[in-house]
Amino acid sequence: MIIKYEDIKSLTEDELKWWLREIGEKPFRADQIRNRLFCGQVASFDEMEQLKPALREKLKESFRITSLTEVHRLESVDGTVKWLYETADGNHIETVLIPANGRYSVCVSTQVGCAQNCAFCRTAKMGFIRNLEAGEILEEIIRVNWYLKSINALSRDNKQATVTNIIFMGMGEPLNNLENVHRVCCTLHNQKLFNLGKDRMTVSTSGVVPKIKELVDRNTPCCLAVSLNSTNNEYRSSVMPVNKVWPIEKLLEAIDEYIRRTDKHVTFEFVLIQNITCTPQAAKELIRICAPRRVKVNAIVLNDGDDPTLHAPTPDEVERFLETVRAAEVQITIRNPRGRDILAACGQLAYKNKQGKTDANTESA
Ligand code: SF4
């Protein structure tokens with residue numbers, strides 16, 4: 001076995017056990033180390049007092065502990081919390097906590113920036129910088145748990161809030177960082193650590209077809225969501241360049257294979273845009289695609305943003321769209337945008353921060 005990672009949180013349980021055996025230690029130490037890393041608040045190996053000093057030294061020689069630095073934390077009136085974190089190499093990523101109906105969902109970033117270049121996305125404007133390590137993605141979740149713990153300490157009703165759901169839908173295309181996303185899902189699924197069920201982790205893709213197949217081959221413990229956004233190849237290609245490589249027909253083939261092999265449904269994310277994707281014709285096309293498949297549709301009303309040519313539909317238009325789709329017995333729910341007052345959409349805060357720095361650099365140049 002070759003250990004490719006210096007970041008100890010990125011290692012699987014088996015890799016850490018293998019390394020411990022190689023240095024003549026008992027493999028059960030892996031549980032102690034991982035418990036401290038994921039459930040404690042340790043920032044260094046020296047804080048792992050239950051380990052012998054010699055083992056702590058060997059850990060220090062071979063690995064590092066990934067950390068993130070909180071740059072901003074914004075709390076919305078609707079309970080949504082958004083963090084801007086700085087990585088050790090000075091990049092910025094976002095994490096969002098969405099509390100709703102007793103669930104604490106965390107939307108995590110998987111890359112710094114993104115190469116997919118979707119027209120409506122702020123992260124796309126940053127370009128692609130690098131993949132996040134598995135340990136960095138896990139650190140996003142660990143830090144939300146710390147935050148919830150601090151809230152629990154203030155709570156009078158003895159409620160012990162903890163992260164219940166993970167959505168890989170923050171900055172980046174998760175399937176372009178599949179090796180690390182797979183490692184994260186396995187660690188989150190581990191009963192001795194986070195113990196999150198497969199149905200509580202959702203990987204969302206813009207439609208990277210070969211990686212959907214790889215996700216099934218790897219048996220990654222997660223559900224799949226696809227940002228469909230349009231049923232029309234011409235329009236989808238104009239806003240999501242991934243569609244030029246893998247058009248809707250190819251995407252549907254991969255989805256059908258995913259459903260057949262995993263026996264799970266797939267969620268389609270669908271942004272409702274006035275006169276474009278929220279029309280009677282678009283509803284009919286959505287029904288044509290969804291009715292024969294085990295899929296659910298998560299409709300999201302456009303967050304009015306930078307593009308003055310795109311508008312959110314009126315509430316009546318949204319209602320008519322939903323009624324048409326539901327009448328065909330296609331399962332569709334409307335997701336209300338959360339945290340509008342704190343720029344909670346993907347990449348908005350990191351992009352704003354980057355712009356701020358660029359503006360400052362321009363001024364000083
Ligand atoms: S929407 Fe997602 S996949 Fe598309 S550019 Fe933004 S982060 Fe990347």
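## Starting with a hairpin

Which residue is the bridge partner of E86 in β3? That partner is H92. Keep in mind as you look around that this is a predicted model.

E86 belongs to strand β2, which covers residues 81-86, and H92 belongs to β3, which covers residues 92-100. These two strands pair in the antiparallel sense, with 6 bridges between them. Another pair you can look up is L84, whose bridge partner in β3 is E94. Together β2 and β3 make a hairpin, and 5 residues sit between the strands. In that turn, G90 has a positive phi of about 85°.

## On to the next strand

Follow the chain past β3 and you come to another hairpin, this time made of β3 and β4. It has 2 residues between the strands, and N101 takes a positive phi near 50°. Strand β4 (residues 103-107) pairs with β3 in the antiparallel sense over 5 bridges. If you want a spot to check, find L97, which stands opposite V106 in β4.

## The whole sheet

Now zoom out. What is the order of the strands in the open sheet? Its 10 strands run β1-β2-β3-β4-β7-β8-β9-β10-β11-β12, and the pairing is mixed. The edges are taken by β1 (69-75) and β12 (331-335), and each has a single partner strand, so one side of each has no neighbour in the sheet. On average, neighbouring strands here are turned by 20° against each other, ignoring direction.

A quick bit of background: strands in a sheet pair through backbone hydrogen bonds, and they can do this in a parallel or an antiparallel way.

## Buried or exposed?

Strand β8, residues 201-205, is mostly covered, with 4 of its 5 residues buried. Over in β7 you'll find N165. Is N165 buried or exposed? Its relative accessibility is 10%, and buried means under 20%, so N165 counts as buried. Leaving out residues up to four places away in sequence, N165 touches R103, Y104, S105, V106 and R200.

## Helices

Two other helices pack against each other: α6 (residues 209-218) and α9 (residues 248-262). Their axes are 9 Å apart and meet at an angle of about 5°, which makes α6 roughly parallel to α9. On the α6 side the contact is made by V209, I212, K213, L215, V216 and D217, while α9 brings in K250, L251, A254, E257, Y258, R261 and T262. Sorted by class, this contact has 7 nonpolar, 1 polar and 5 charged residues.

## Around the ligand

Last stop: the ligand. How many residues surround the ligand? There are 9, and the closest are C114, C118, C121, A124 and G172. By class, the shell has 5 nonpolar and 4 polar residues, and no charged ones.

Conventions. Residues are numbered from 1 along each chain as its sequence is written. This is a predicted model: local features need pLDDT of at least 70, side-chain atom pairs count only at pLDDT 80 or more; totals for chains, interfaces and linings use all residues. Side-chain values use heavy atoms; hydrogens and water are left out. A residue is near a molecule or strand if one of its heavy atoms lies within 4 Å of it. Ala, Val, Leu, Ile, Met, Phe, Trp, Tyr, Cys and Pro count as nonpolar, Asp, Glu, Lys and Arg as charged, and the others, Gly among them, as polar. Two strands pair if DSSP finds at least two bridges between them. Axes are lines fitted to C-alpha atoms, for helices over the stretch in contact, and angles run from 0 to 180 degrees between N-to-C directions. Angles under 35 degrees count as roughly parallel, over 145 as roughly antiparallel, 65 to 115 as roughly perpendicular and the rest as oblique. Contact means heavy atoms within 4.5 Å. Buried means under 20% relative accessible area, exposed over 50%, partly exposed in between (1.4 Å probe, protein chains only).
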